[in-house]
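Open the structure in your viewer and keep the selection tool at hand. This tour tells you what to pick next and what you will find there.

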Amino acid sequence: MKKFKLIAICLCCAVIFGGCVEKREEAKEMLSKSSEEDLHEMTTFAMDTVMQFSIYNENGEQLLTDAEQEIRRLERLFSVTMEGSEITKLNNQAGLGPVSLSEDTLKILNRGREIGDLTNYAFNITISPVVKAWGFTTDEEKHVPSQETLDSLLPLTNPKDLVINEGASTAELLKKGMAVDLGGIAKGYTSDAVTALLKEEGVTSGWFSLGGNVSVIGKKPDGEKWKVAIESPLDANDSVGILEVEDCAVITSGGYQRYFEENGKRYHHIINSNTGYPADKGLISVTIISKDGTKADGLSTALFVMGLDDATNLWRNSNDFEAVFVTADGKVIATEGAADFFTFDGTDNDFIYETIKR
Ligand code: ADP
Ligand code: MG
């Protein structure tokens, strides 16, 4: 089971900030009795990961049931392992013609395509044949595939060979052996859907974590921003710092959680589709903060593949996300906008803190 890469810190900031117990007590008192009664929590397992919810609303119990149903509905569409999912149908039909798809599946494929275009295909939703060759997303044992295998599979990972026809509500993979893998974007898309559902139903305060992908709604009931810790890639019990945020998604990708070792070398699950090998551009984690959870998820994967220089250029040309990078050479680097609400705390692991300007 996947460990949390981000820890949403609600009322337990004393764990991180040893000196703020008093402040916490004050804040706690400020919580009106009614908001404490309105707190509803849930933990569930879906999309192959643990999901946690904590929302404030008098109908919270019902709303969490609705949220869980929405997640399972999307999982049944997007799963690559569930027989009968729309993505499985699309993949089984590769090279054989178009498949009719529901609105959500067409939408997520379009979002995947759009993030691919934006990142020069560092984000590639048709990377699946190569990801599977490494034994990721299959029951097979993970292993380094031969160069011959990679050479035969890479031509099946051209995202332009995924044809989306919105008018006809269909999509088609043009070559036999192609496959779509939404692993890099599905949780972000789901977080947007769940946020929309909860907000529509009147939730104004809460947070949830889909396997470490954190979304926060509004502020805490005491009016403070939510505190979200970015896990240290070097130590799951430590963080490199805390983000204080409201109404956004905070999503991290890294090579330090899902990986295997062969002949003393570590191989992780985020693949550079130019080489077919795990991305190796000097980053060990990328955290994206954005109101658009789908984009945050796609970009966290893409910027990890691109490396710091290209990632910085993309950020400079965008205005809808901020980022915190952790580099293999021991730096924690926040974009200018992220630095405004990020408190660095990575000295335990000897990280050095820097910021990048527009
Ligand atoms: P996680 O799902 O572990 O939180 P990511 O969001 O970074 O991490 O997604 C990684 C998953 O995305 C992989 O398991 C794989 O299914 C898929 N993937 C791997 N490389 C790429 C890539 N270059 N573009 C798009 N998806 C990818
Ligand atoms: Mg991602």
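Donors are N, O and S atoms within 2.8 Å of the metal. Keep in mind that this is a predicted model.

**Stop 1: the metal**

Select the magnesium ion (ligand 2). Which atoms coordinate the magnesium ion? They are Gly 184 (O), Asp 297 (O), Asp 297 (OD) and Thr 301 (OG1), at 2.1 to 2.6 Å. Along the chain, the donors of this ion follow the spacing G-x112-D-x3-T.

Now color Gly 184 and Thr 301. The pair joins distant parts of the chain, 117 residues apart. Gly 184 sits in the loop between strand E6 (170-173) and helix H8 (186-200). Thr 301 belongs to helix H9 (residues 293-306).

Gly 184 has 17% relative accessibility, so it counts as buried. Thr 301, at 14%, is buried too.

**Stop 2: helix H9**

Select H9, residues 293-306. Pick its end C-alpha atoms: they are 19 Å apart. At 1.5 Å a residue, the 14 residues of H9 should span 20 Å, so the two values agree. H9 is mostly covered, with 14 of its 14 residues buried.

Look at the N-terminal end. Asp 292 caps H9 there. One of its side-chain oxygens lies 3.2 Å from the backbone nitrogen of Thr 294. Then go to the residue that follows H9: Gly 307 has a positive phi, near 85°.

**Stop 3: helix H5**

Select helix H5 (residues 103-118). Its 16 residues should span 22 Å at 1.5 Å a residue. The end C-alpha atoms are 22 Å apart, which agrees.

Show the side chains next. The buried residues of H5 include Asp 104, Leu 106, Ile 108, Leu 109, Arg 111 and Ile 115. What covers the buried residues of H5? The cover includes helix H3 (60-78), helix H4 (86-92), strand E5 (162-165), E6, H8 and H9. Just after H5, Asn 120 takes a positive phi of about 55°.

**Stop 4: the cores**

Select Phe 53, Leu 109, Leu 182, Leu 198 and Leu 303. These residues have the most contacts inside the largest nonpolar core, which has 78 residues.

Finish by zooming in on Phe 53. Leaving out residues up to four places away in sequence, Phe 53 touches several others, including Met 42, Leu 64, Ile 71, Val 194, Trp 207 and Phe 208.

Key: Residues numbered from 1 in each chain as written. Chains lettered and ligands numbered in written order. Predicted model: local features only at pLDDT ≥ 70, side-chain atom pairs only at ≥ 80, totals over all residues. Heavy atoms only, no water. Core = buried A, V, L, I, M, F, W, Y, C linked by side-chain atoms within 4.5 Å. Buried < 20%, exposed > 50% of the residue type's maximum accessible area, 1.4 Å probe, protein only. Contact = heavy atoms within 4.5 Å. Donors = N, O, S within 2.8 Å, 3.2 Å for Na, K, Ca; no water. Helix = DSSP H or I, 4+ residues; strand = E, 2+ residues; numbered from the N terminus. Expected span 1.5 Å × (residues − 1). Polar contact = N/O pair within 3.5 Å; in protein donor to acceptor, adjacent residues only side chain to side chain.
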